[in-house]
Number of protein chains: 2
Amino acid sequence: MTIEMKPIGVVAEVTEPPQEGQSFMTRQDQREKLLIYPEHREGLTGLEPGQTLQIIFYFHLSDSFDYITFSHGQQKVTGVFNCRSPRRPNGIGIDTVKLLAIEDGVLTVDGADMLPDTPILDIKPAPRHHRRPPEGESK
Amino acid sequence: MTIEMKPIGVVAEVTEPPQEGQSFMTRQDQREKLLIYPEHREGLTGLEPGQTLQIIFYFHLSDSFDYITFSHGQQKVTGVFNCRSPRRPNGIGIDTVKLLAIEDGVLTVDGADMLPDTPILDIKPAPRHHRRPPEGESK
């Protein structure tokens with residue numbers, strides 16, 4: 001069974017691009033602009049700044065993977081399904097971001113770590129329990 | 001650009017299957033068994049019961065979509081990227097679940113809402129801020 005997908009958009013701008021020698025896994029969260037292709041823009045209806053979104057994307061620069069890999073987050077060797085490495089059997093990535101602005105099919109988001117030119121596959125509102133409370137709120 | 005993916009496993013058992021007339025969107029979270037195919041099982045190394053995981057799957061029964069759709073969760077008409085409907089341009093679903101057991105390539109998880117026979121595309125540990133605190137804990 002082979003499943004085919006086509007990008008709905010692309011990462012058009014990254015405010016702080018990765019520096020030389022700085023790996024994907026160790027970069028800080030950054031502000032990014034996601035360009036949604038014109039034919040898909042009607043699907044953005046209802047999105048509003050302030051929402052927490054899941055951005056589903058494709059690790060377009062990863063062309064292979066290992067089942068056992070080094071997890072930068074956990075600083076140990078472990079299974080590929082026990083880490084969020086970009087090198088995986090199906091190269092799907094998920095960033096949970098805050099939507100800062102939306103205009104003319106371009107979403108400005110905070111908290112992403114996608115590389116420039118990353119293909120976007122899907123956008124969903126985050127489940128309710130994923131939404132971090134604002135600072136100072138007790139719940 | 002077309003991206004090809006192949007399932008790493010399948011939803012093998014759903015403890016409380018959906019009842020007649022009960023839609024995918026209105027079902028309660030349930031306990032499920034995910035069978036990971038033998039060739040991918042090495043990638044499960046390090047996973048342990050108690051972890052919160054993101055299960056990425058394919059909405060295999062959805063063969064079309066609309067850009068404007070009815071959101072059951074929000075009880076209103078809105079854009080497909082502003083809801084978690086299974087009918088979407090790329091049929092990717094994400095469930096955040098608790099891993100209850102793992103044995104012989106079968107993961108028993110709690111909190112999923114996948115249908116039986118759903119193809120599994122990927123498994124990742126949930127980001128730290130997605131992990132719900134145990135009952136009674138203040139953070």
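In chain A, confidence is lowest in strand E2 (residues 9-14), at a mean of 94, and highest in E9(A), at 98. The score here is pLDDT, the predictor's confidence in each residue, from 0 to 100. This is a predicted model, in which local features need pLDDT of at least 70, side-chain atom pairs count only at pLDDT 80 or more, and totals for chains, interfaces and linings use all residues. Residues are numbered from 1 along each chain as its sequence is written, while chains are lettered from A and ligands numbered from 1 in the order in which they are written.

The mean pLDDT of chain A is 88. Of its residues, 82% reach 70 or more. The model as a whole scores ipTM 0.87 and pTM 0.87. Residues 133-139 of chain A stay under 50, and the model has one contact beyond four places in sequence for them. Where pLDDT is low, the predicted coordinates should not be read in detail.

**Fold of chain A**

Chain A has zero helices and nine strands. Helices (H or I, at least four residues) and strands (E, at least two) are DSSP runs, numbered from the N terminus. Six strands close into a barrel, in the order E2-E3-E8-E7-E4-E9 of chain A, with antiparallel pairing. From one strand to the next, the twist averages 45°. Angles run from 0 to 180 degrees between N-to-C directions, and axes are lines fitted to C-alpha atoms, for helices over the stretch in contact.

Strand E4 of chain A spans residues 52-58. Six of its seven residues are buried, so E4(A) is largely enclosed by the rest of the structure. Buried means that 20 or more other C-beta atoms lie within 10 Å of the residue's own; exposed means 12 or fewer, and partly exposed lies in between, with C-beta atoms placed from the backbone. Across chain A, buried residues make up 35% of the 139 residues.

Two strands pair if DSSP finds at least two bridges between them.

| Strands | Sense | Bridges | Facing residues |
|---|---|---|---|
| E4(A) and E7(A) | antiparallel | seven bridges | A:Thr52 and A:Lys98 |
| E4(A) and E9(A) | antiparallel | five bridges | A:Ile56 and A:Asp122 |

**Contacts and core**

Two residues are in contact if their C-beta atoms, placed from the backbone, lie within 7 Å. Among contacts in chain A between residues at least 6 apart in sequence, 67% join residues at least 24 apart.

The largest nonpolar core has 54 residues. Such a core is a set of buried Ala, Val, Leu, Ile, Met, Phe, Trp, Tyr and Cys residues joined through C-beta atoms within 7 Å. A:Ile55, A:Val109, A:Leu121, B:Ile55, B:Val109 and B:Leu121 touch the most other members. Leaving out residues up to four places away in sequence, A:Val109 touches residues including A:Leu34, A:Leu53, A:Ile55 and A:Val97.

**Where the chains meet**

In the interface, 43 residues of chain A are in contact with 43 residues of chain B. E9(A) gives the largest share of chain A's side, six residues. By class, that side has 22 nonpolar, 13 polar and eight charged residues. Ala, Val, Leu, Ile, Met, Phe, Trp, Tyr, Cys and Pro count as nonpolar, Asp, Glu, Lys and Arg as charged, and the others, Gly among them, as polar.
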